[in-house]
Amino acid sequence: MNRVLVAGIGNVFLGDDGFGVEVVRRMDASALPGSVVVADYGIRGVHLAYELLGGAYDTLIMVDAVELDGPPGTVAVLEIDDEPAPDAMPPVNGHGMHPQAVLDLLAKLGGRVPRVLLVGCRPRTIDEVMGLSEPVAAAVEGAVAAVTALARDETYRQSDRERADA
């Protein structure tokens with residue numbers, strides 16, 4: 001079985017930026033295989049990079065508010081290339097640790113994750129306000145179901161290396 005980390009990312013004090021945190025808060029860990037870890041990283045992107053540095057996970061599923069096509073509340077699953085941007089110097093400010101910055105920092109530290117997925121939701125507002133906007137709040141339950149199914153699927157997904165060895 002693959003080890004999967006589901007990481008909720010975002011700042012709950014900035015409205016819809018708290019989407020990822022809310023999704024992982026509502027997930028039922030008992031509905032997932034034992035090799036799946038669900039954690040709220042909030043604005044602690046540096047901590048997430050260091051957690052990944054040990055190489056304990058085969059798949060990282062990040063959940064965050066991201067700019068997507070479509071109206072606020074649109075949810076999409078994106079596969080992320082974990083290669084760092086050329087000469088990228090990731091911010092070490094926890095408030096600036098968006099998903100790519102976490103991966104860039106991880107690479108600078110000498111680590112990597114074989115597979116990285118992002119479950120993103122288009123925000124309506126990223127302002128100093130507590131709580132999600134109506135369209136983003138309405139997307140949370142569907143996102144919880146999608147992340148749960150994705151984490152299960154990733155746990156049992158055969159890696160490229162295993163397919164080559166078979």
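The model is predicted. It holds seven salt bridges. Side chains of opposite charge can pair when their charged atoms come close.

**Glu 67 and Arg 122**

- Glu 67 and Arg 122 form a salt bridge through their side chains, with an N to O distance of 3.7 Å.
- This pair links distant parts of the chain, 55 residues apart.
- Glu 67 sits in the loop between β3 (59-65) and β4 (75-80).
- Arg 122 sits in the loop between β5 (115-121) and α4 (134-156).
- Glu 67 counts as exposed, because its relative accessibility is 60% and the cut-off for exposed is over 50%.
- Arg 122 is partly exposed, with a relative accessible area of 24%.

**Arg 115 and Glu 79**

- A salt bridge joins Arg 115 to Glu 79, and their closest N and O atoms are 2.9 Å apart.
- Arg 115 belongs to strand β5 and Glu 79 to strand β4, so the pair ties together parts that are 36 residues apart in sequence.
- Is Arg 115 buried or exposed? Arg 115 is buried, at a relative accessible area of 18%.
- That value puts Arg 115 in the buried class because buried means under 20%.

**Glu 154 and its surroundings**

- Glu 154 is part of helix α4.
- Glu 154 pairs with Arg 157 in a salt bridge, where the closest N and O atoms lie 2.9 Å apart.
- Glu 154 counts as buried, with a relative accessibility of 4%.
- Arg 157 counts as partly exposed, with a relative accessibility of 24%.
- Which residues does Glu 154 touch, leaving aside those up to four places away in sequence? They are Asn 2, Val 4, Thr 59, Ile 61, Arg 115 and Leu 117.
- Arg 115, one of these contacts, is also the residue that forms a salt bridge with Glu 79.

**The network around Arg 25**

- A network of salt bridges links Glu 22, Arg 25, Arg 26 and Glu 141.
- Arg 25 is located in helix α1, which covers residues 19-26.
- Arg 25 counts as exposed, because its relative accessibility is 56% and exposed means over 50%.
- The side chains of Arg 25 and Glu 22 are joined by a polar contact of 2.5 Å.
- Arg 25 and Ala 39 are separated by 14 residues in sequence, and their C-alpha atoms are 8.2 Å apart in space.

**Helix α3**

- Helix α3 spans residues 99-108 and is mostly covered.
- How many of its 10 residues are buried? The count is seven.
- The buried residues of α3 are Pro 99, Ala 101, Val 102, Leu 103, Asp 104, Leu 105 and Leu 106.
- The cover over these buried residues includes strands β1 (4-9), β3, β4 and β5.
- Helix α2 (45-53) is also among the elements that cover them.
- Gly 110 follows α3 and has a positive phi, near 95°.

Key
Residues numbered from 1 in each chain as written. Predicted model: local features only at pLDDT ≥ 70, side-chain atom pairs only at ≥ 80, totals over all residues. Heavy atoms only, no water. Salt bridge = Lys/Arg side-chain N within 4 Å of Asp/Glu carboxyl O. Helix = DSSP H or I, 4+ residues; strand = E, 2+ residues; numbered from the N terminus. Buried < 20%, exposed > 50% of the residue type's maximum accessible area, 1.4 Å probe, protein only. Polar contact = N/O pair within 3.5 Å; in protein donor to acceptor, adjacent residues only side chain to side chain. Contact = heavy atoms within 4.5 Å.
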